Amino acid sequence: MPQISVIIPAYKTQQYIERCIYSVLGQTLGDIEIILVNDSSPDNTLSMMEQIASTWSGDKTIRIISHEQNRGLSAARNTGLASAQGEFIYFLDSDDYIAPNALETLLRLAQAEDSPVTIGGVLQVDQEDTPLDHQICHIKDTVLKGKEEILHALQILDIYISGWNKLVHRDWLLENNILFDEGYLHEDWPWCLRLALRADKIICSTHICYYYVCRPGSITDGKDLNKCFKIAQMIQKLVEILDENGERETMNSWVFARAQELRGHISLNFKGIAKNIVMAHCFSLLPASFATGILSSKKRACLKLWKILPSWVRHAALHHLAGK
């Protein structure tokens, strides 16, 4: 059994995949299996992975799994997890890369503290590897213990909401049925929430382990109705998880923050009546308290009107916007 299974989902990342894979092959820790999940990528990503795998002869193993059709990041991660044999799991996005001693550092911390989840520092860089002034997260050196302390850390972003850069014990992950929800955007949100709800201890280290590459074309970029709707559905999923675990009141401000992000995304990408329609539809999918606490009186009036419109009118309006 390898100590760590590194799962790398890949789709349209031919420009980055080689650096990503070699950052794992160059790890100071040797007992690693790399699981490359080709999510039916239409470019040269798969051929590049096959070339690396066929010529590699070092101390780490490489396996490639391919989806027959594109199923999304969540499905690719779940496919890798189902095939993984390592004692620990580490998810790595194929356009990012890790520091040479990242996995050894995280493993030693996990073993020393007997922790199911261990998190390292993150550095955000541009496509030329230059560190950016604005960093997406600031990890602290800390040992989080107990649900109250861990959930608070999640709320204040001491635990960054991502699937990557977290070394997680595989058996613990499977025993708690912590998988990625498929068919959504921001699949990291519920995964991290379940992680925080189930873990009795989480280790955080400022040691830079993960290099997050900021590049155009992310899943939240652009004027896309479907993206907005899926974000709203994901927020509703968070509400369901918290209700199931009796933690809705504890985490209410955290979920509100996600809804505020949705409002900001809509405002940035849509104007005029289109913004009112998209805002009304998205917030109609969420509990009423979200509209009361987040939307202006004008937007709340649009929401009330949207809810009483016949379904065919709402469908026609959305279809018209999608065609623009």
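Predicted model: local features only at pLDDT ≥ 70, side-chain atom pairs only at ≥ 80, totals over all residues.

Trainee: OK, how many residues are in the largest nonpolar core?
Mentor: That core has 71 residues, and Phe283 and Phe290 have the most contacts inside it. Helix α8, residues 225-244, gives the largest share, 11 residues. A nonpolar core here is a set of buried Ala, Val, Leu, Ile, Met, Phe, Trp, Tyr and Cys residues joined through side-chain atoms within 4.5 Å. Buried means under 20% relative accessible area, exposed means over 50%, and partly exposed is in between (1.4 Å probe, protein chains only). Helices (H or I, at least four residues) and strands (E, at least two) are DSSP runs, numbered from the N terminus.

Trainee: And what is phenylalanine 283 in contact with?
Mentor: Leaving aside neighbours within four places in sequence, its contacts include Phe290, Ala259, Leu262 and Ile294. Contact means heavy atoms within 4.5 Å. There's also a second, separate core of 32 residues, with Ala10, Ile34, Met49 and Tyr210 among them.

Trainee: Back to α8. How far does α8 reach from its first C-alpha to its last?
Mentor: α8 has 20 residues and reaches 29 Å, close to the 28 Å expected at 1.5 Å a residue. That expected span is 1.5 Å times one less than the number of residues. After α8 comes glycine 246, with a positive phi near 65 degrees.

Trainee: Switching to α5, which of its residues are buried?
Mentor: In α5, residues 147-155, they are Ile150, Leu151, Ala153 and Leu154. They sit on the same side of α5, because they cover an arc of only 155 degrees around the axis. The arc is that of the directions from the helix axis to the C-beta atoms.

Trainee: What do those buried residues pack against?
Mentor: They pack against β7 (142-145), α7 (188-198), β9 (201-213) and α9 (252-269).

Trainee: What about aspartate 114, is it buried or exposed?
Mentor: Aspartate 114 is exposed, with a relative accessible area of 66%. You'll find it in the loop between α4 (102-113) and β6, and its phi is positive too, near 50 degrees.

Trainee: Now the strands. Why is β6 largely enclosed by the rest of the structure?
Mentor: Because eight of the nine residues of β6, residues 117-125, are buried.

Trainee: Which strands does β6 pair with?
Mentor: β6 runs antiparallel to β8 (residues 166-169), joined by three bridges, and pairs in the parallel sense with β9 over eight bridges. Two strands pair if DSSP finds at least two bridges between them. Threonine 118 has leucine 167 in β8 as its bridge partner, and valine 117 stands opposite isoleucine 202 in β9.

Trainee: Last one, where is serine 74 found?
Mentor: Serine 74 is in helix α3, residues 73-83, and counts as buried at 4% relative accessibility. A polar atom of its side chain lies 2.8 Å from the backbone oxygen of aspartate 181. Not counting residues up to four places away in sequence, serine 74 touches Phe180, Asp181, Glu182 and Glu187.

Key:
Residues numbered from 1 in each chain as written. Heavy atoms only, no water. Polar contact = N/O pair within 3.5 Å; in protein donor to acceptor, adjacent residues only side chain to side chain.
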